[in-house]
Amino acid sequence: AYELLQSLLRDAPDQMSQLLSQADRVGRNAAHHAAKVGGLQILQLLSTLTIPLDTPDAARQTPLHFASC
């Protein structure tokens, strides 16, 4: 997954950054989901973009909360 994301970011950085920062129906963006499943490499990659790591979801939990659990 990490290599695929890197490739997509190389090919269309602006579009991918915008897509990855969009929230789903419960307010979670790609960083929330990466942190929840332990995708540390992906979370680090997202942090280099404009993907916020401190945005709370509908339950007031941030990606950093998931990463620390």
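**Entry 1: Leu-64.** I started with Leu-64, which counts as partly exposed because its relative accessibility is 46%. My cut-offs are under 20% relative accessible area for buried, over 50% for exposed and partly exposed in between (1.4 Å probe, protein chains only). Leu-64 sits in helix 5. For the record, helices (H or I, at least four residues) and strands (E, at least two) are DSSP runs, numbered from the N terminus. Leu-64 and Ala-35 are 29 residues apart in sequence, yet their C-alpha atoms are 7.1 Å apart in space.

**A note on the model.** This is a predicted model, where local features need pLDDT of at least 70, side-chain atom pairs count only at pLDDT 80 or more, and totals for chains, interfaces and linings use all residues. Residues are numbered from 1 along each chain as its sequence is written, and side-chain values use heavy atoms, with hydrogens and water left out.

**Entry 2: Ala-35.** I followed the pair to its other end, and Ala-35 turned up in helix 3. Is Ala-35 buried or exposed? Ala-35 is buried, since its relative accessible area is 6%. Then I listed its contacts (heavy atoms within 4.5 Å). Leaving aside neighbours within four places in sequence, I found Ala-35 in contact with Leu-43, Pro-63, Phe-66 and Ala-67. I also checked Arg-25, ten residues from Ala-35 along the chain, and the two C-alpha atoms are separated by 17 Å.

**Entry 3: helix 1 against helix 4.** Two packed helices are described by the angle between their axes and the distance between the axes. Axes here are lines fitted to C-alpha atoms, for helices over the stretch in contact, and angles run from 0 to 180 degrees between N-to-C directions. Helix 1 (residues 2-11) packs on helix 4 (residues 40-47) at about 20 degrees, and the axes are 9 Å apart. So helix 1 is roughly parallel to helix 4. The naming goes like this: under 35 degrees is roughly parallel, over 145 roughly antiparallel, 65 to 115 roughly perpendicular, and the rest oblique.

Which residues of helix 1 and helix 4 meet? From helix 1 I noted Tyr-2, Leu-5, Gln-6 and Leu-9, and from helix 4 Gln-41, Ile-42, Leu-45 and Leu-46. This contact has six nonpolar residues, two polar and no charged. Ala, Val, Leu, Ile, Met, Phe, Trp, Tyr, Cys and Pro count as nonpolar, Asp, Glu, Lys and Arg as charged, and the others, Gly among them, as polar.

**Entry 4: helix 1 against helix 2.** Here the axes come within 5 Å and cross at roughly 125 degrees, so helix 1 is oblique to helix 2. On the helix 1 side I wrote down Leu-5, Leu-8, Leu-9, Arg-10 and Asp-11, which meet Pro-13, Met-16, Ser-17 and Leu-20 of helix 2. The tally for this contact is six nonpolar, one polar and two charged.

Entry 5: In helix 2 (residues 13-21), the buried residues are Met-16, Ser-17 and Leu-20. They cover an arc of only 100 degrees around the axis, so they lie on the same side of helix 2. The arc is taken over the directions from the helix axis to the C-beta atoms. On the other side of helix 2 I found Asp-14, Gln-18 and Leu-19 exposed. The cover over the buried residues of helix 2 includes helix 1, helix 3 (30-36) and helix 4.

Entry 6: Arg-28 lies in the loop between helix 2 and helix 3, and counts as buried because its relative accessibility is 18%. Its side chain makes a polar contact of 2.8 Å with that of Asp-57. (A polar contact is a pair of N or O atoms within 3.5 Å; within protein, one must be able to donate a hydrogen and the other to accept it, and residues adjacent in sequence count only if both atoms are side-chain atoms.)

Arg-60 is in the loop between helix 4 and helix 5. Arg-60 is exposed, at 75% relative accessibility. Its phi is positive, about 65 degrees, although Arg-60 is not a glycine.

Asp-54 is in the loop between helix 4 and helix 5, and is exposed at 55%. Not counting residues up to four places away in sequence, Asp-54 touches Thr-62 and Pro-63.
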